[in-house]
Amino acid sequence: MSRMLRGRRPSLRAMSTGLSWSSRFMVAGGLLLLASLACDVPDPEDAIWIRIPPGAPVEAVAESLATHGVVASAEGFARFARIGRKHLGIKPGVYPFRPGTSMGRVLVDLRKGRPDAVRIRVQEGVWLAELAPVVSRVLDLPLDSLIAASRDSALRAELGTTAETVEGYLLPGMYWVPVASTPVEVWRQLADTFEARWKPEWTARLDTLGLSRHELVTLASIIQGEGGDAGELALISSVYHNRLAQGLRLQADPTVVYARGARNRLYNKHYGFHSPYNTYQVTGLPPGPIGQPSVASIVAALYPAETDFLYFVATRDGHHAFSRSYREHLATIRTVRRR
């Protein structure tokens with residue numbers, strides 16, 4: 001029998017069984033991050049990024065703009081750009097444009113220029129320790145410098161994090177990071193996006209929950225770590241909120257995985273791993289986030305469903321079965337295993 005079935009203490013041991021964790025992370029290396037040549041910080045989320053190579057004729061520039069819906073007519077833009085020979089000032093780079101932007105605005109931006117950069121995708125739930133090597137490779141920055149920069153005291157103070165790094169505040173999404181960025185500038189760009197997406201009403205909500213923003217982000221990262229159906233995030237959040245309110249340990253498998261620093265299947269022996277991040281061993285929240293939570297997970301942490309659930313178990317179809325009592329939880333586990 002597993003340790004959970006032997007113990008009397010309420011447990012979430014089966015919340016994220018090997019069925020969900022092993023399948024979820026076996027391909028983590030291939031899914032965590034994507035990187036390719038591109039440019040600069042994304043402005044609006046709905047921006048279309050157009051790459052202008054060095055020496056591109058104005059006709060090619062206009063055709064690319066029209067193909068991506070930035071301007072209505074390639075011929076019209078080319079004629080417009082040639083007025084006063086302004087097309088000669090177009091600089092290479094990768095530019096963000098909204099569809100329907102005026103030709104005058106487009107031409108002004110093209111003449112200003114954009115720095116060369118790389119495109120980096122931050123996957124939901126990725127650890128900083130996994131992200132840093134990819135950034136190091138694509139930006140040719142020393143890995144130890146990136147790790148040191150993630151501990152920058154000024155940046156951590158701005159974010160309000162009490163953890164050792166900016167873990168949890170590197171908002172998932174696609175970023176265009178200038179090639180000339182310093183290690184601190186890389187993390188600041190990602191953290192600035194987190195700040196830009198944080199809503200004032202969320203800060204007001206923290207008072208209702210009795211949590212600091214850092215605690216909320218930490219909780220959101222645990223919810224993110226559970227994964228599964230997005231529609232269940234608020235239910236998962238309710239379990240953790242209920243356990244916190246009753247003084248029960250969270251006993252969340254993702255915290256054990258993070259504490260061990262290896263995305264492998266968990267066995268009974270791993271739950272005794274000594275770490276302040278192992279919520280089977282410590283009461284309350286860990287010292288900081290265990291990865292980068294998505295906006296959806298942050299919202300779920302802020303607005304949990306109203307339930308009296310205290311347990312859940314992962315099912316084979318990627319969903320979760322929720323229970324109100326330990327006895328019900330054990331019965332649910334038996335049912336899931338039979339299926």
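1. Cavity first: searching the whole structure turns up one cavity of 30 Å³ or more. For the record, a cavity here is a set of points on a 1 Å grid over the protein atoms alone where a 1.4 Å probe fits but cannot get out, with lining residues having an atom within 4 Å of a point. Grid points are joined across faces, edges and corners, and the volume is the space filled by probe spheres set on the points.

2. A word on provenance. This is a predicted model, where local features need pLDDT of at least 70 and side-chain atom pairs count only at pLDDT 80 or more, while totals for chains, interfaces and linings use all residues. Residues are numbered from 1 along each chain as its sequence is written, and side-chain values use heavy atoms, with hydrogens and water left out.

3. What lines the largest cavity? The residues are Leu171, Phe194, Arg197, Trp198, Trp202, Val295 and Ile298. Helix H10 (183–197) and helix H15 (295–302) are the elements giving two or more residues to that lining; helices (H or I, at least four residues) and strands (E, at least two) are DSSP runs, numbered from the N terminus. By class, the lining has six nonpolar, no polar and one charged residues (nonpolar is Ala, Val, Leu, Ile, Met, Phe, Trp, Tyr, Cys and Pro; charged is Asp, Glu, Lys and Arg; the others, Gly among them, are polar).

4. Now the rings. The structure has 11 aromatic pairs, counted when ring centres of Phe, Tyr and Trp (its six-membered ring) lie within 6.5 Å; planes under 30 degrees apart are stacked, over 60 edge-to-face and the rest tilted. Trp198 and Trp202 have centres 5.2 Å apart and planes at 85°, so they pair edge-to-face. Both are buried (under 20% relative accessible area; exposed is over 50%, partly exposed in between, with a 1.4 Å probe and protein chains only). Ring pairs also tie Tyr169, Phe194, Trp198 and Trp202 into a cluster.

5. Two arginines are worth a look. The charged end of Arg213 sits over the ring of Trp198, 5.2 Å from its centre, and that of Arg263 sits over the Trp127 ring at 4.1 Å from the centre. The criterion is NZ of Lys or CZ of Arg within 6 Å of the ring centre and within 35 degrees of the ring normal.

6. On to the strands. E6 (residues 311–314) is covered on both faces, with Tyr311 and Val313 buried on one side and Phe312 and Ala314 buried on the other. E6 pairs with E7 (residues 320–323) in the antiparallel sense over four bridges; pairing requires at least two DSSP bridges. The two form a hairpin with five residues between them, and Gly318 in the turn has a positive phi of about 85°.

7. Strand E2 (residues 48–52) has four of its five residues buried, so it is largely enclosed by the rest of the structure. Five bridges join E2 to the antiparallel E3 (residues 93–97), with Trp49 opposite Pro96.

8. Last, backbone checks. Most residues other than glycine have a negative phi. Asp140, however, has a positive phi near 55°; it lies in the loop between H7 (128–139) and H8 (143–149). Gln251 also has a positive phi, about 50°, in the loop between H13 and H14. Buried or exposed? Asp140 is exposed at 68% relative accessibility, whereas Gln251 is buried at 2%.

Key
On a 1 Å grid over the protein atoms alone, a cavity is a set of points where a 1.4 Å probe fits but cannot get out, and a pocket is an open set with protein on both sides within 12 Å along at least five of seven lines; lining residues have an atom within 4 Å of a point.
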